[in-house]
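Here is a quick tour for anyone meeting this structure for the first time. Have a look at the model, then read on.

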Amino acid sequence: MERNEVKRPDKTIITVVGKDTVGIIAKVCTYLSGQNINVMDISQTIVDGFFNMMMIVDMNDAEVTFSKCSQELDKLGEEIGVMIKCQKEEIFEKMHRI
């Protein structure tokens, strides 16, 4: 890559769904930060006690592969009682195209 060339983000969509409890966002963000994964955007709602969050993250400088990140977030989700899923942006867009 040339000196002035800007690196395009390697975007991944992370969704978190489950019963609302204290610390869900903190635990997910702590994991991401520890892996040098940058949170670009985050949206969360709580409806009738159920937590729903969608994050867009940049994995360009990640310390782990997409596959490893997905596995570790799946395990973290089990530990905190939520379901965490990761999808590459391209796959997400293709799946949700009308």
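Predicted model: local features only at pLDDT ≥ 70, side-chain atom pairs only at ≥ 80, totals over all residues.

## Ground rules

Buried means under 20% relative accessible area, exposed means over 50%, and partly exposed is anything in between (1.4 Å probe, protein chains only).

Residues are numbered from 1 along each chain as its sequence is written, and side-chain values use heavy atoms, with hydrogens and water left out.

## The overall layout

The chain has three helices and four strands. Helices (H or I, at least four residues) and strands (E, at least two) are DSSP runs, numbered from the N terminus. Read from that end, the elements go β-α-β-β-α-β-α.

Of the 98 residues of the chain, 28% count as buried. Contact here means heavy atoms within 4.5 Å. Take the contacts with a separation of 6 or more: 68% of them are between residues 24 or more positions apart.

## Around Val 28

Val 28 sits in helix α1. What does Val 28 touch, not counting residues up to four places away in sequence? The list is Val 16, Met 53, Met 55, Leu 73, Leu 76 and Ile 84. Ile 14 is 14 residues from Val 28 in sequence, and their C-alpha atoms are 9.9 Å apart in space.

## How α1 and α2 pair up

Helix α1 (residues 24–34) and helix α2 (residues 66–80) have axes that come within 11 Å and cross at roughly 155°. The axes are lines fitted to C-alpha atoms over the stretch in contact, and angles run from 0 to 180 degrees between N-to-C directions. Angles under 35 degrees count as roughly parallel, over 145 as roughly antiparallel, 65 to 115 as roughly perpendicular and the rest as oblique. So α1 and α2 are roughly antiparallel to each other.

Which residues meet? On the α1 side they are Ile 24, Lys 27, Val 28, Tyr 31 and Leu 32, and on the α2 side Lys 68, Cys 69, Glu 72, Leu 73, Leu 76 and Ile 80.

## The cysteines

A disulfide is a pair of cysteine sulfur atoms within 2.5 Å, and by this rule the count comes to zero. Cys 86 is in no disulfide: the nearest cysteine sulfur, that of Cys 69, is 4.6 Å away. Cys 86 counts as buried because its relative accessibility is 11%, whereas Cys 29, at 25%, counts as partly exposed.
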